Amino acid sequence: MTERPALSLPAIHASHGGCWLRDGFATRGLGKGEAIVAAADTPLLMLNAPLVASRLGYPDLSGLDLLELFAFVHPARFMVPTPKGLAHALGLDEPAGDDKVPQLLQEAAEALLGTCERADWSEREGAWTALQSLVRMRWPWATLLTPRIRKPERAERWLFAKLPEWEETAERPQPAQVVLGETAVVSRLAELTGAGAEARPTQQDYAREASRMFAPRQGQGQPHVVLAQAGTGTGKTFGYLAPSSLWAEQSGGTVWVSTYTKALQRQLRRESRRAFPASRNGKPPVVVRKGRENYLCLLNLEDALQGGFAGRAAILAQLVARWAAYSQDGDMIGGDLPGWLGTLFRKRGIAALTDQRGECVYAGCPHYRKCFIERASRASADAELVIANHALVMVNAARGRDAAQRPTRIVFDEGHHVFEAADSTFSAALTGADTIELRRWVIGPEGKSRGRRRGLSARLADVASYDEEGERAITQAREAAESLPSEGWLARVVEGTPSGPLEELLSAARALAYARDESGGQEAGYGLETEIAQLEGGFIEVAGQAQEALEALRKPLVRLGLRLEAIVEDGPDWLDGPARARIEGARSAIGWRSDLIAGWIALLARLGGPGDPDFVDWIAVERSDGREWDVGLHRHYLDPMKPFANAVLAPSHGVMMTSATLRDGDDWQSAVERSGAPHLDIAPRLFSAESPFDYASQAEVLIVTDVPKGDIPALAAAYGRLIEAAGGGALGLFTAIRRLRAVYGRIADRLARGGLPLFAQHVDPIDTGTLVDIFRDDPRASLLGTDALRDGVDVPGDSLRLVVMEQVPWPKPSILHRARRLAGGGSAYDDRIIRARLAQAFGRLIRSGTDKGHFVVLSSAFPSRLLSAFPAGTPIRRVTLDVALQSVSSSVSGREDAPATPREEGIS
Ligand code: SF4
């Protein structure tokens with residue numbers, strides 16, 4: 001039955017270094033124009049069509065993308081989406097150069113298609129059924145797959161039948177009060193690090209210190225707070241997992257470990273297996289929890305499969321359904337769904353399949369018992385260790401659906417990010433995007449909008465028919481929501497023809513931002529902002545009307561919440577288990593939306609009155625590349641650790657914040673303030689451990705003094721030459737996307753011709769996680785990026801041997817920053833921020849005892865007071881670019897580096 005057409009298919013590869021086409025059995029180089037014509041004539045085999053399109057400068061390119069085929073054949077399997085990564089994933093030989101890639105693509109196609117014929121293809125189930133749909137959708141691979149995938153003898157189980165159901169479990173008792181013995185903690189640590197491992201006294205000290213957070217609490221609202229700075233390489237993960245696993249075992253409770261980056265979450269998932277090997281009551285001992293918006297919503301997927309998605313998006317839905325059947329936990333963002341899958345398809349297909357907008361109907365959903373989100377939420381209630389992120393921990397602590405699920409023992413790893421996570425969690429934003437979202441949640445689809453979304457009245461139809469007061473509240477909320485911004489609000493606001501009190505307010509706010517902003521953003525196409533102060537009577541009046549409109553919506557929502565509570569308590573006949581769960585879900589959703597509106601009302605109520613010293617309020621017009629996308633009023637706490645202390649610390653029993661960069665140099669003061677503990681009159685325990693790395697011989701900081709600030713050609717030349725000198729393996733960090741793009745545009749082609757591939761955030765059509773995977777996988781690749789890479793990259797070994805910062809990372813001079821700077825000691829506040837950023841960026845370089853590398857800052861006037869950001873003993877030199885190049889290249893070629901002074905004179 002088998003034809004083998006794959007090898008005869010032409011294949012194309014395009015990099016910054018050129019284009020290669022393999023037609024039949026010969027490969028040749030060709031120009032971009034010819035490559036585009038060839039791709040338009042015949043469907044060509046290619047790897048990552050959007051990337052090839054971007055390299056050719058031809059956005060409409062399509063063809064037989066091997067990434068799509070891989071996602072079909074091996075759903076939920078990891079693969080770095082490069083020729084080398086593809087070769088590794090399929091057990092083929094790595095291509096020796098760009099010109100060998102087209103042949104690899106042919107071999108890979110043959111290997112993948114061949115897999116479908118094999119009896120031992122482990123992901124066969126569901127493939128034939130999915131293929132039938134993909135044939136109808138004219139997926140380019142469908143005709144090649146059809147002769148290879150035999151029709152199953154028995155009908156295949158459909159995804160929704162195949163997924164396991166979660167089960168209700170009894171509530172867990174509260175944890176026992178236990179005191180961990182130091183000897184037990186240290187021997188647990190020894191078990192985790194392995195029998196052959198050398199005992200590390202610093203790690204033992206760290207583990208003993210970490211165990212203090214588990215001591216029984218002595219006063220209500222008085223948790224044990226431990227701040228532990230542990231230099232890179234201390235072994236802090238096992239250091240806190242040892243007492244955590246011991247406490248969970250002895251007390252029967254749950255420990256939450258919270259991270260800021262997905263990279264650390266992945267590492268923890270791996271390492272915690274050793275600390276929590278056994279399952280309690282047959283349940284998984286370790287559960288990764290993320291926000292709902294990360295998980296696949298099966299109801300959204302079903303809708304997409306049944307016509308909700310059209311064209312290419314419908315193909316994406318089929319590939320996601322293949323993945324869902326094999327996924328470990330349904331996590332679409334940073335889980336086992338390949339990060340590159342979404343970027344192969346235009347628009348926001350992946351986001352539309354998650355539960356972004358809180359539209360879940362809980363037990364009203366036919367897939368409720370198989371729902372990934374519900375499963376993760378229930379599993380975490382039974383787990384010994386929950387791995388989560390800072391934002392989720394804070395939201396759960398502040399407004400968790402159920403008290404049993406609130407974290408009470410929390411380790412905040414990457415603790416230096418707790419402040420910014422609290423800052424966004426406890427802030428209010430009354431913007432066009434947020435208010436129209438609220439309107440959709442209350443009213444449901446309007447006009448031509450499609451999809452399964454339903455408004456409040458449709459979701460609570462049974463309540464309305466049973467309870468008159470509830471019905472009245474729903475109707476009133478529905479009517480009040482009419483005053484919120486509706487479809488097309490931004491165009492109306494920009495044109496000055498707002499409709500309704502909230503659009504009026506946004507229009508007035510936008511006008512004020514344009515009138516007052518002096519940030520220079522207007523000309524540069526960036527966002528605008530202005531503080532909320534000195535408002536005219538007209539503005540206050542408009543704000544007053546908006547406030548009334550919000551009050552009119554909030555009141556019926558609060559009443560409805562109370563009615564739902566009463567109905568659950570009454571327990572009418574129709575209130576079976578699923579209906580109860582659905583109403584409780586609705587109650588919680590209504591509760592947090594009422595709180596959201598209350599925050600907006602409080603923000604508006606203060607306009608025109610005396611300023612509240614606890615808050616910073618401003619108006620912002622969000623723009624990128626000159627295009628506006630949102631307008632609104634913002635309110636942040638001057639010190640977000642105040643609400644954090646009340647909502648997260650006070651109800652907890654033990655909290656540890658740990659990081660390699662918690663304190664500023666040797667000074668604990670800002671770390672203590674940023675822990676929130678002083679708001680509860682708690683003096684935290686302080687612990688610090690130096691890194692075991694020998695920075696004097698492993699690293700060197702070079703401050704390059706002769707690249708003029710603002711000179712883009714010089715900046716690009718410096719980056720290009722440094723990357724060449726290092727032979728790739730460079731991470732370039734930028735504070736502005738504009739400069740990143742300009743530098744990338746000038747150097748990528750030249751570097752690629754020299755065999756040094758360059759990738760960049762905000763330029764390449766690849767998600768950040770995948771960019772880091774590509775970078776890690778190829779020691780000759782370099783990566784340019786912005787803030788997110790400063791501490792989201794964990795690349796031990798040879799792939800990262802040079803970090804280049806384009807300039808001193810000054811904080812953005814926003815209104816919020818100005819207020820905090822004023823309260824935090826002026827320039828000393830800025831210095832603390834910059835030192836922390838430098839320390840985090842430096843921390844990317846040396847990840848193991850054998851790593852070596854250079855850290856380069858291009859700055860003609862680097863203040864000496866910032867140099868304490870680098871670990872003691874690190875050699876630091878101020879040099880010209882030429883000297884820096886020599887230093888970098890000589891260490892690459894293995895020659896002894898020029899002797900570096902241990903530390904600049906006068907710096908302690
Ligand atoms: S229970 Fe909610 S989140 Fe889960 S599949 Fe159904 S609608 Fe989606």
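Reader: How many salt bridges does the count come to?

Author: The count comes to 43 salt bridges. The rule asks for a side-chain nitrogen of Lys or Arg within 4 Å of a carboxyl oxygen of Asp or Glu. This is a predicted model, in which local features need pLDDT of at least 70 and side-chain atom pairs count only at pLDDT 80 or more, while totals for chains, interfaces and linings use all residues. Residues are numbered from 1 along each chain as its sequence is written, and side-chain values use heavy atoms, leaving out hydrogens and water.

Why do such pairs form? Side chains of opposite charge can pair when their charged atoms come close.

Glu-437 bridges to Arg-440, with the closest N and O atoms 3.8 Å apart. Both sit in helix H19 (residues 432-443), three residues apart, or about one turn. Helices (H or I, at least four residues) and strands (E, at least two) are DSSP runs, numbered from the N terminus. Glu-437 is partly exposed at 23% relative accessible area, and Arg-440 is partly exposed at 22%. Here buried means under 20% relative accessible area, exposed means over 50%, and partly exposed lies in between (1.4 Å probe, protein chains only).

Helix H22 (residues 468-481) holds another pair, Arg-472 and Glu-468, four residues apart. Their N-to-O distance is 3.9 Å. Glu-468 is exposed at 62%. Arg-472 is partly exposed at 44%.

Now look across the chain. Arg-865 and Asp-831 meet in a salt bridge at 2.5 Å, N to O. This pair links distant parts, 34 residues apart: Arg-865 is in the loop between strand S22 (853-858) and strand S23 (876-879), and Asp-831 is in helix H36 (residues 827-843). Asp-831 is buried at 7%, while Arg-865 is partly exposed at 45%. Salt bridges can also join up. Glu-110, Glu-117 and Arg-148 are linked in a network of them.

Rings of Phe, Tyr and Trp (its six-membered ring) pair if their centres lie within 6.5 Å; planes under 30 degrees apart are stacked, over 60 edge-to-face, and the rest tilted. Phe-615 and Tyr-637 are a tilted pair, with centres 4.6 Å apart and 50° between the planes. Phe-615 is in strand S13 (residues 615-624) and Tyr-637 is in strand S14 (residues 627-637), 22 residues apart. Tyr-637 is partly exposed at 22%.

Tyr-695 and Phe-842 are tilted as well: 5.6 Å centre to centre, 55° between the planes. Tyr-695 lies in helix H30 (residues 695-698) and Phe-842 in helix H36, so the pair ties together parts that are 147 residues apart in sequence. Tyr-695 is buried at 7%, and Phe-842 is buried at 3%. Both belong to a cluster of linked rings that also holds Phe-693, Phe-855 and Phe-870.

Last, charge meets ring. A charge sits over a ring if NZ of Lys or CZ of Arg is within 6 Å of the ring centre and within 35 degrees of the ring normal. Arg-635 lies over the face of Phe-615, at 4.3 Å from the ring centre. Arg-674 lies over Phe-419, at 4.0 Å from the ring centre.
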